[in-house]
Amino acid sequence: MKEFSGLNRVDVLTKLEQGSFDLLVIGGGITGAGIALDAATRGLKVALVEMNDFASGTSSRSTKLVHGGLRYLKQFEIKEVADLGKERAIVYENGPHVTTPEWMLLPFHTGGTFGKFTTSVGLMVYDFLAGVKKSERRKMLSIDETLAKVPFIKKAGLKGSGYYVEYRTDDARLTIEVMKAAVQKGATVVNYAQADKFLYNNEGQAIGIEVQDRLSEKRVTVKASKIVNATGPWVDDLREMDGSKTEKHLRLSKGVHIVFDESIFPLHQAVYFDTPDGRMVFAIPRNGKTYVGTTDTFFEGDPAEMYATQEDRSYLLKAILSMFPDLKVSDSDIESSWAGVRPLIHEEGKAPSEISRKDEIWESNSGLITIAGGKLTGYRKMAETVVNLVVSKLNQRDSNHFAACQTRNLPISGGDMGGASRLDAFIQEKGKIAESYGLSEEEGRKLAKLYGTNVDTVLEYLPKQKGELPVTMHAQLLYAIHHEMTVQPVDFFIRRTGELLFEVGLVHQWKDAVIKEMASIFTWSETECKRAEEALEHELKHATGTAATIKE
């Protein structure tokens, strides 16, 4: 897709400077991507700029679950549970290749946070509010049934468990697929382009931004009728730039996850459990690995430089050994980790785990619209609300007549396979087709699950394999560059494939070859090669716990 090729960024920047847009979105996480898609499908001329890579903030560092909102029952946020439950079903149906139903075990022990009766009632209410389909409604398991699911769970005081469905996702790929869909619908989108100055008309209304391209250092001006600040942890920075940061502001909460090989942590059933201090932690199996998180602590500092400290790792290890005392896991068994920030709207006197994840929309005197808070699950509905506001403003100004929201039943990129019920058959079919390209059926199924209906384009790059890389990785790299605006090795290894998080050994093995291939494609100078290599090494050291700063 030429419009979303890493080799086409200069043309995109020129298009941004020469165009005049109805809507400019600042921020390329899931919220910004959702807004761009919603607006583009309604007929708005849309631009989007992201200062780093797409999904490089919160949208690639979550627990990777499309939650139905169970935790909000404890806070009596009934509408939030109902809305998120319904949105979860929509997210799954529109992109089944990046979202997977996952049965979750919620054990209860004597003296624990949850009891049998409260868990049963809570899950039943949750099923009702969230509109959970019959096949996925909660079950209550006995002690023996619980141990059959996870034999090494803590037996002392075990009274049984609740069993319900969450939805696991690849948060970064979900964001990329939504962004690709927005581009396919006409949005003009670019990464590594930082908005650093607002432009105003004589009435003090924001009419554009100045943008610094962080790769070429070129500066461009982008003009738009309405501007939306969807920068997640950085929304207050833009509000300060606009002079509109008022009493309401963000409070950042840090979440950390650690990854083990399944040979060390042989979990085949996702578990949601309470810790000795009352916080909740997930342990989730994923493609031969088990990841565990999250902590939930307030964070002061640069969200772009957030990593798991030794204290974070030790906390999660202690939580694991408390719930799974038969496991022999230690710090040296952790393969990789990631840390992310949740941008919460400040509520005085509340702990991070107690603050509402509800989203809010603020509009400044300059007309800048800011969307803050919210959850991955609710991205589509948040986008609909924001674009409804934008459209109402544009209609007042120019008597436009833009369409109503189109995204409720709109497949994202890669998701157009005839519905979620068709996913398994689709994967099997593509697995067999992959054999004609020289791949194993298993390799073909893996690619089909990762890329959905875009897998055919990925397969087309297989005959072009050359150099040192394995054939599938080479095809994925070419696809990522030409169709997903990948311009740095960290983009590829973290946000396009997730390998730095879940297959860090492969990154160590093939990083030099990937850098060499990208250097050839982009004609990098020696300085550019060194910069790309240093950025990847920086992320590797932090992910594997070898950086000095993890001791802080």
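Strands here are DSSP runs of E with at least two residues, and helices are runs of H or I with at least four, numbered from the N terminus. You're looking at a predicted model, where local features need pLDDT of at least 70, side-chain atom pairs count only at pLDDT 80 or more, and totals for chains, interfaces and linings use all residues. Residues are numbered from 1 along each chain as its sequence is written, and side-chain values use heavy atoms, with hydrogens and water left out.

**Stop one: T99.** Select T99 in strand β4 (residues 99–109). T99 is buried, at 0% relative accessible area (buried is under 20%, exposed over 50%, partly exposed in between, with a 1.4 Å probe and protein chains only). Beyond residues up to four places away in sequence, T99 touches V66, V91, Y92, Y167, R168, T169 and K449 (contact means heavy atoms within 4.5 Å).

**Stop two: N229.** Now jump to N229 in strand β10 (residues 219–229). N229 is buried too, with a relative accessible area of 0%. Show its side chain: there's a polar contact with the side chain of T231 at 2.7 Å (N or O atoms within 3.5 Å, one able to donate a hydrogen and the other to accept it; residues adjacent in sequence count only if both atoms are side-chain atoms). The backbone oxygen of V235 sits 3.0 Å from a polar atom of that N229 side chain.

**Stop three: two helices.** Finally, select α11 (residues 441–451) and α13 (residues 471–483). Which residues meet here? E443, L447, L450 and Y451 in α11 meet T472, Q476 and Y479 in α13.

Key
Axes fitted to C-alpha atoms, helices over the stretch in contact; angles between N-to-C directions.
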